[in-house]
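Here's a quick tour to read with the model open beside you. Let's start with the overall picture and then zoom in on a few spots.

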Amino acid sequence: MRKLFAGLASLLLLAEVAQFYLAASGAFDNAPVEEAFAPHRVLGYTILLFSIVSVVVAALARVPGRLVGMTALIAGLVLVQSLIREVAKSFGEGSEAGHFVFGVHAINALAILSATIWVARQSRQIAWRSAELSRTAS
């Protein structure tokens, strides 16, 4: 189960890197904003679902509480991304305040990525440690 969690954490990290690519791709697209960022938005919702599943798997794998908590933090921060988008939209298209608030979206994305890197590293260490203990016991 710990190997599954480590695999999910690595896949989540890969999805987040792809999310940055899709954000940049949408920013430089000539299509209307809603159309240009559609793949970014779809992957964002997928990352949210994936991060929630990761929290459940972390708890079932009985990894340390700090690791479960950091995985839950990722899910919470991903949820905040949608909230930031809605708050920025409420200020109106092209407004100074909207642009400022939407800048927080990018900073939050960096926090999500940082937390996911930490979770992926820790989960791999725990999975390998468990595998080594299993081999030595047999």
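## The big picture

Of the protein's 138 residues, 36% count as buried, where buried means under 20% relative accessible area, exposed means over 50% and partly exposed is in between (1.4 Å probe, protein chains only). Keep in mind that this is a predicted model, in which local features need pLDDT of at least 70 and side-chain atom pairs count only at pLDDT 80 or more, while totals for chains, interfaces and linings use all residues. Residues are numbered from 1 along each chain as its sequence is written, and side-chain values use heavy atoms, with hydrogens and water left out.

There are five helices and zero strands, giving the pattern α-α-α-α-α along the sequence. Both kinds of element are DSSP runs numbered from the N terminus (helices: H or I, at least four residues; strands: E, at least two). The C-alpha trace spans about 65 × 25 × 20 Å along its principal axes. Among contacts (heavy atoms within 4.5 Å) with a separation of 6 or more, 74% come from residues 24 or more positions apart.

## The nonpolar core

A nonpolar core here is a set of buried Ala, Val, Leu, Ile, Met, Phe, Trp, Tyr and Cys residues joined through side-chain atoms within 4.5 Å. The largest one has 22 residues, and Phe5, Ile47, Val63, Leu67, Ile74, Val78 and Val119 touch the most other members. Helices H1 (2–27), H3 (38–60), H4 (65–90) and H5 (96–137) each give two or more residues to this core. In soluble globular proteins, nonpolar side chains tend to be buried together.

Take Val63 from that list: leaving out residues up to four places away in sequence, Val63 touches Arg2, Phe5, Ala58 and Val68.

## H1 against H3

The axes of H1 and H3 come within 10 Å and cross at roughly 165°; axes are lines fitted to C-alpha atoms, for helices over the stretch in contact, and angles run from 0 to 180 degrees between N-to-C directions. That makes H1 roughly antiparallel to H3, a label for angles over 145 degrees. On the H1 side the contact includes Leu4, Phe5, Leu8 and Leu12, and on the H3 side it includes Ile47, Phe50, Ser51 and Ser54. By class, this contact has 15 nonpolar, five polar and one charged residues. For that count, Ala, Val, Leu, Ile, Met, Phe, Trp, Tyr, Cys and Pro are nonpolar, Asp, Glu, Lys and Arg are charged, and the others, Gly among them, are polar.

Two serines in H3 deserve a look. Ser51 lies in H3 and is buried, because its relative accessible area is 0%. Beyond four places in sequence, Ser51 touches Leu12, Thr71, Ile74 and Ala75. Ser54, also found in H3, is buried at 2%, and its contacts, with neighbours within four places set aside, are Phe5, Leu8 and Thr71.

## Out towards the solvent side

Where is Arg62, and is it buried or exposed? Arg62 sits in the loop between H3 and H4 and is exposed, with a relative accessible area of 69%. Arg62 has a positive phi of about 55° although it is not a glycine. Most residues other than glycine have a negative phi.

Glu34 lies in helix H2 (residues 33–36) and is partly exposed, since its relative accessible area is 44%. Setting aside neighbours within four places in sequence, Glu34 is in contact with Arg41 and Arg85.

Technical notes:
Parallel < 35°, antiparallel > 145°, perpendicular 65-115°, else oblique.
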